[in-house]
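Keep the sequence and the structure side by side as you read.

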Amino acid sequence: MKSPSVAALARSHRAERVLTTGVGLLALLAGGAALAVGQGWLGTFRARRAVLDPIAVDTLVDWQLAARITAVALGVLLLVTGVMLALRTLRPERHPDLALDRTVGKGLLVTAGAIADAIAVDAEQVDGVSRARATVVGDPETPALRLNLWLREGTRVRDVWQELDGTVMRRARESLGVDSLPTAVRLELGAAERQRVR
């Protein structure tokens with residue numbers, strides 16, 4: 001499980017990286033073993049033998065049914081593993097809703113989209129911010145926030161940051177009922193308005 005501060009930055013692709021690294025290392029080891037055998041480093045007899053070892057071929061011929069069952073089982077296992085990894089990779093990122101009241105029949109649930117919209121509208125009230133977009137990610141117990149701010153030309157970033165941290169983020173923490181809210185803030189600075197030359 002990743003920490004909330006990491007969740008604020010971006011979605012984790014740790015499993016995909018580990019799998020890719022593992023497959024790459026296995027391919028590297030297989031290539032190294034083939035090179036060692038082919039160059040005769042493990043003996044000249046092995047280097048001169050056929051790629052399809054006659055002893056292995058004879059064993060497969062003698063045990064055809066077992067070999068076929070094993071091959072089919074291995075193929076199904078690889079297919080299921082591949083589909084599971086693909087589904088895990090393609091699943092949407094979690095956006096936690098906030099349960100204000102958990103009473104059965106009278107529960108009050110605020111969606112992550114509503115929370116994000118409220119934080120974005122609050123951030124747009126900061127002097128110098130022309131537009132804001134927020135996304136709530138992570139778990140309901142440990143939410144994290146991604147906040148994109150578009151600043152007007154000539155805005156002092158330090159002033160925006162102080163007001164953002166002092167008002168917007170404080171209200172967001174109070175609303176979510178957490179002591180800390182890991183936040184990744186992305187700033188887009190406004191460009192000067194182009195003047196047409198005639």
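For sorting residues by class, Ala, Val, Leu, Ile, Met, Phe, Trp, Tyr, Cys and Pro count as nonpolar, Asp, Glu, Lys and Arg as charged, and the others, Gly among them, as polar. With that in hand, look at the lining of the largest cavity: 8 of its residues are nonpolar, none is polar and 1 is charged. The residues in question are Pro96, Asp97, Leu98, Ile115, Val136, Pro140, Pro143, Leu176 and Val178. On a 1 Å grid over the protein atoms alone, a cavity is a set of points where a 1.4 Å probe fits but cannot get out, a pocket is an open set with protein on both sides within 12 Å along at least five of seven lines, and lining residues have an atom within 4 Å of a point. The largest cavity has a volume of about 50 Å³, a volume being the space filled by probe spheres set on the points, with grid points joined across faces, edges and corners.

A word on the model itself: it is predicted, so to speak of local features takes a pLDDT of at least 70 and side-chain atom pairs count only at 80 or more, while totals for chains, interfaces and linings use all residues. Residues are numbered from 1 along each chain as its sequence is written, and side-chain values use heavy atoms, leaving out hydrogens and water.

Now turn to the second largest pocket, with about 190 Å³ of space. Val37, Gly38, Arg46, Ala47, Arg49, Ala50, Val51 and Asp53 line this pocket, and α2 (14–38) and α3 (44–48) each give two or more residues to the lining. Helices here are DSSP runs of H or I with at least four residues, and strands are runs of E with at least two, numbered from the N terminus. By class, this lining holds 4 nonpolar, 1 polar and 3 charged residues.

Beyond its neighbours within four places in sequence, Ile119 is in contact (heavy atoms within 4.5 Å) with Ala134, Leu145, Leu147, Val168 and Ala172.

Finally, step back to the whole protein: 7 helices and 5 strands follow the pattern α-α-α-α-α-β-β-α-β-β-α-β along the sequence.
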